[in-house]
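Open the model in your viewer and keep the selection panel at hand.

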Amino acid sequence: MPDNNNCINCPAYNSGNLVKLGINMTDFDYVVALAGNPNTGKSTVFNNLTGLRQHTGNWPGKTVARAEGAFAYNEKKFKIVDLPGTYSLLSTSTDEEIARDFILFGQPDVTVVVIDATRIERNLNMVLQVLEITDKAVLCLNLVDEAKRHNITIDDRALSRELGIPVVPSAARQRVGMPELLNFIFQVAAGEYICKPRRISSDSKSFNTAVDKLVSEIEKEFPGLPNARWVALRLLEGDQKIIDSIKNGELVNLVKNNYYTS
Amino acid sequence: MGSWLIWLKIIIILHDLIMAETLNPKEKLLNTANELRWEVGENFHDTLLESIYKNAADITALTVNHDNKGRKYNFDSVVDKVVTSRLLGFPIMFLLLALVFWLTIAGANYPSRFLSFILIDNIHPFLKDLLFFLNSPWWLTGLILDGAYLASAWVVSVMLPPMAIFFPVFTLLEDYGYLPRVAFNMDSLFRKAGAHGKQALTMTMGFGCNAAGVVAARIIDSPRERLIAIITNNFSLCNGRWPTQILIATIFIGGAVSPHLAGFVTAAAVVFVAVLGILFSLIVSWTLSKTALKGEASAFSLELPPYRPPRILQTLYTSLIDRTLIVLWRAVVFALPSGIVIWLVANLTVGGYSIAAYMINWLDPLAFIIGLNGVILLAYIIAIPANEIVIPTILMLTVLVTGNDSAGAGAGVLFEIDSASQTGNLLISSGWTLLTGMNLMLFSLLHNPCSTTIYTIYKETKSLLWTFVSSVLPILIGFVICFLVTLIYRAL
Amino acid sequence: MNLITIILLLPLLAIIIVLFLIPERGLFSFSRKAKRDHERIIVEDSLKHIFDCEHNNEIPSLSSLSKHLSASMEKTRQVLHKLKEIGLIHYKENSFNLTPEGKIYALRVIRIHRLLEKYLADSTGVNEADWHSHAEDREHLISYEEANRLASRMGNPLFDPHGDPIPTAEGKMPEIVNLLLTNLKVNDFAQIAHIEDEPKSVYSAIISLGLSVGMVFRIDKVSLDSIKIESNGIFYDVVKSLSDNISVNLLTETESIVKNLVPLTALKLNENALIYSLSKTLRGEQRRRIMDFGIVPGTKITPVLHSLGKDPTAYSVRNTTIALRKHQANQILVRRIKSDA
């Protein structure tokens with residue numbers, strides 16, 4: 001573990017956790033996770049970035065196993081992990097468990113969320129959940145050509161402001177927007193772009209009181225934990241994996257990694 | 001005394017629990033979380049999702065402008081109105097399906113012949129000559145070329161072209177977004193059978209290849225409905241069985257009526273068997289959902305994605321790689337050893353008779369009861385890797401048993417005859433009747449899935465029990481149906 | 001007896017002996033295990049009964065326990081002695097109550113029972129009327145660890161499907177005071193919070209009447225032997241014997257909101273509505289899936305397309321099209337709105 005505060009540019013500072021998740025981290029500088037709803041062109045984006053050809057289609061459940069690929073940009077080597085396409089990260093289904101555990105415990109350097117520009121509202125469900133887990137995210141606003149065809153106009157700058165992360169309009173099928181996406185992936189990974197992710201706010205008083213109280217308790221116990229709010233939300237949902245990670249100290253590792261990067 | 005010890009142990013644990021009031025900070029944290037959970041109540045998840053969507057709606061309102069007056073926007077809903085309309089919904093569905101099948105059957109014919117010409121008519125004799133030239137012993141040539149090579153070549157040449165056409169066309173419909181509408185339309189029928197509307201799609205996929213149909217059942221996310229779709233997929237008459245149906249129907253059903261009706265009756269007979277398969281698929285689905293799978297959880301979710309122009313080249317490429325080649329590869333892997341077994345059974349002799357002859361003799365009594373013959377049963381046992389090689393195996397075994405050397409590439413070698421009437425003559429002269437023909441058509445529909453499919457079922461369900469059920473259930477039904485038909489036929 | 005017979009018999013005898021003595025699996029230990037399991041059932045059922053009595057501020061008696069166990073007085077007395085010996089109850093002169101250990105044990109049994117009911121409701125297709133009896137059968141068979149694993153797989157649920165709280169793994173259970181249906185006045189709006197699942201005949205009667213936990217209703221008429229309630233325009237006559245087993249939460253919302261609610265299936269094509277609530281009978285994975293699609297309270301929803309068989313129907317939600325079956329849509333309450341809101 002390097003001892004300076006400039007570690008953002010060090011190769012794979014959290015490789016330990018990633019190796020545990022089955023990622024071979026030799027020879028890679030950064031890890032990128034690719035998340036999103038089914039049927040948003042996520043696999044097409046993956047293929048564009050890596051040059052691999054994976055089948056994409058209109059059905060959920062297409063991405064069978066966790067696909068991995070690699071690419072180089074600005075003389076840095078990126079490993080990219082295609083997470084299962086899911087509508088949410090909150091349920092007990094295996095797909096969703098894989099996706100949320102990877103983003104939480106794997107601590108990828110960047111999480112790219114691919115969304116369908118014609119169905120933004122539904123897709124934001126997933127985006128807002130991801131932003132509770134990680135600060136380092138890029139939104140790939142895919143299928144803007146389809147949106148245009150349907151007379152949907154999107155103010156991507158306003159969207160970026162609202163979400164606090166870079167937003168890249170793209171049409172992955174036509175390879176539109178891929179250079180910009182690469183650039184933002186690099187900037188976020190290298191710490192040149194600091195995200196200020198939006199957190200979920202609620203109108204429910206009892207919800208807010210409970211979350212706030214638990215967050216302060218968690219921060220007392222794990223100072224510096226980057227995603228105390230997510231941990232609180234999961235505890236209130238009774239997520240056994242989080243309960244166990246508190247008991248066995250796995251959560252402390254996340255704090256440590258974060259300490260060296262901030 | 002034994003039970004005393006156990007009670008004591010329980011009491012000690014309970015006592016420790018009561019005493020352990022001093023908690024470490026982590027446990028205290030978890031305790032706080034638990035108390036808060038009771039306070040916020042059961043609706044936490046609901047509240048969370050409500051809040052998320054409230055945020056999502058706020059953000060969307062600020063950033064997205066949707067001009068509803070645009071003309072093109074209505075395109076999707078117009079198409080949807082048409083494909084779900086009472087008047088046009090079903091006709092469109094059947095027409096598209098018929099088109100897919102016509103493309104597959106008509107389109108596959110030439111490449112199939114071409115492959116067969118290359119692999120079987122040319123390369124096979126060439127390799128045979130080569131081995132002969134190298135002084136290879138006859139049994140080695142037989143094992144490798146007449147056994148392993150020939151069976152695999154057969155599978156490739158018969159299986160590859162139809163799949164290479166069927167799957168991409170199917171995938172194009174899928175990528176365009178039409179297939180979810182089929183599931184949407186068919187759901188009311190399948191719901192009554194305790195199944196999911198998407199089973200209509202896996203079933204259709206099964207008409208191409210059952211193994212692919214079983215994999216496609218992944219699109220069904222409810223465990224019970226998915227299992228039902230997997231178990232009943234074999235009732236879809238797959239690509240490998242269509243030629244058998246057509247050939248046998250031409251010889252025995254078409255041959256039994258006057259020539260100007262023959263074509264129509266033959267086609268009707270084949271369609272009847274396919275529809276019978278759909279019927280069985282629904283009946284078995286219903287029965288399973290009411291009995292063995294009653295306790296499994298059931299759920300329904302279906303999103304109708306927007307129509308999107310499919311990317312034809314990409315689709316051709318990926319569906320070829322993803323579906324066709326993977327299935328073909330699995331089939332070849334199973335065909336290789338089974339080709340060797342087929343050859344051994346036909347060529348290994350004990351006491352002057354081949355093993356096949358013994359097995360046929362042994363199977364004959366059972367076969368007689370269900371109106372078939374030992375040759376057919378043996379063919380279905382040893383040609384388990386692919387339904388495509390059942391007919392060649394039957395012909396080879398028939399020649400072997402009858403000693404009729406007028407056709408074929410020599411004793412104990414798979415072959416097929418180009419003309420249906422010649423094949424008919426060979427079969428009829430070996431004692432086949434209308435009953436044998438009818439029952440073979442039924443048995444071809446109702447028997448265990450091929451080994452590729454069985455293996456795929458295991459990979460998908462990870463359960464030996466369900467693999468066993470899906471393998472044995474159809475063949476049991478097949479025995480019963482063939483037996484009943486035989487009873488009635490013989491009584492008439 | 002000749003030598004050959006003996007040679008044949010000896011191995012047979014050996015096999016039988018081995019069969020009896022195999023630890024854990026042998027017939028001997030099997031019979032002991034059966035006895036122990038039987039003992040476990042009696043102990044656990046007794047503890048539950050005593051706990052229930054104490055929880056409801058009733059005093060458990062020898063006769064109430066013997067009735068609960070359907071055992072003779074003599075047998076029941078033996079059971080009580082046994083419970084006292086192992087330290088689960090205090091037992092003096094025909095009055096008995098739980099020790100702290102006994103209380104924790106009872107809570108564990110209740111936890112397993114309610115977890116099983118939750119599991120049966122959320123993750124299986126078992127009939128609602130059979131949840132209780134299925135859980136009764138299985139609660140003595142599975143170990144506490146297995147039950148805890150089950151709990152964590154389900155996200156450590158708080159309530160069972162009848163609305164009863166599930167004690168935590170640490171043996172904690174909150175006191176929840178419910179209002180009974182019989183305590184309500186005419187024109188009160190309330191929501192069913194809990195339906196008592198014992199006795200089964202009463203429970204089945206309530207279920208077959210069409211009532212379920214989470215249902216919102218209005219008291220229409222109260223008479224001596226029955227209460228008439230109205231929910232979504234449908235009237236239900238709840239006789240006294242049933243209404244005693246139904247607990248409710250009083251709703252303070254204004255009358256007009258609740259009054260205009262209709263199930264989603266009542267909408268005509270292209271009629272706009274706002275989702276008011278998802279019934280509690282939409283459970284488990286099914287409920288989560290529907291909510292993930294963005295079908296949550298406050299959402300605008302419009303039926304846009306009937307399938308050929310009229311069921312399922314496709315709804316436009318948040319600019320996506322989601323198909324729902326009639327029986328799912330029936331469990332979603334909406335309020336019609338005029339134009340695009």
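Angles between axes count as roughly parallel under 35 degrees, roughly antiparallel over 145, roughly perpendicular from 65 to 115, and oblique for the rest. This is a predicted model, where local features need pLDDT of at least 70, side-chain atom pairs count only at pLDDT 80 or more, and totals for chains, interfaces and linings use all residues. Residues are numbered from 1 along each chain as its sequence is written, chains are lettered from A in the order in which they are written, and side-chain values use heavy atoms, without hydrogens and water.

**Helix pair, chain C.** Select α3 (residues 62-69) and α4 (residues 73-85) of chain C. Their axes are 9 Å apart, at an angle of about 100°. The two helices, α3(C) and α4(C), are therefore roughly perpendicular to each other. Show side chains next: α3(C) brings Leu62(C), Ser63(C), Leu65(C) and Ser66(C) to the contact, and α4(C) brings Met73(C), Thr76(C), Arg77(C) and Leu80(C). Contact means heavy atoms within 4.5 Å. Helices are DSSP runs (H or I, at least four residues), strands likewise (E, at least two), numbered from the N terminus.

**Loop, chain C.** Go to Pro312(C), in the loop between β11 (300-306) and β12 (313-317). A cis peptide bond joins Asp311(C) to Pro312(C), with omega about 10°.

**Loop, chain A.** Select Gln107(A), between α3 (94-105) and β4 (110-116) of chain A. Gln107(A) is not a glycine, yet its phi is positive, about 45°.

**Cavity, chain B.** Which residues are the closest to the centre of the second largest cavity? Select Met159(B), Cys209(B), Cys238(B), Glu388(B) and Cys450(B), from a lining of 14 residues. A cavity is a set of points on a 1 Å grid over the protein atoms alone where a 1.4 Å probe fits but cannot get out; lining residues have an atom within 4 Å of a point. Now colour domain 1 (85-290) and domain 2 (334-491) of chain B: each gives at least three residues to this lining. The domain bounds come from an automatic or database domain assignment.

Methods. On a 1 Å grid over the protein atoms alone, a cavity is a set of points where a 1.4 Å probe fits but cannot get out, and a pocket is an open set with protein on both sides within 12 Å along at least five of seven lines; lining residues have an atom within 4 Å of a point. Axes are lines fitted to C-alpha atoms, for helices over the stretch in contact, and angles run from 0 to 180 degrees between N-to-C directions.
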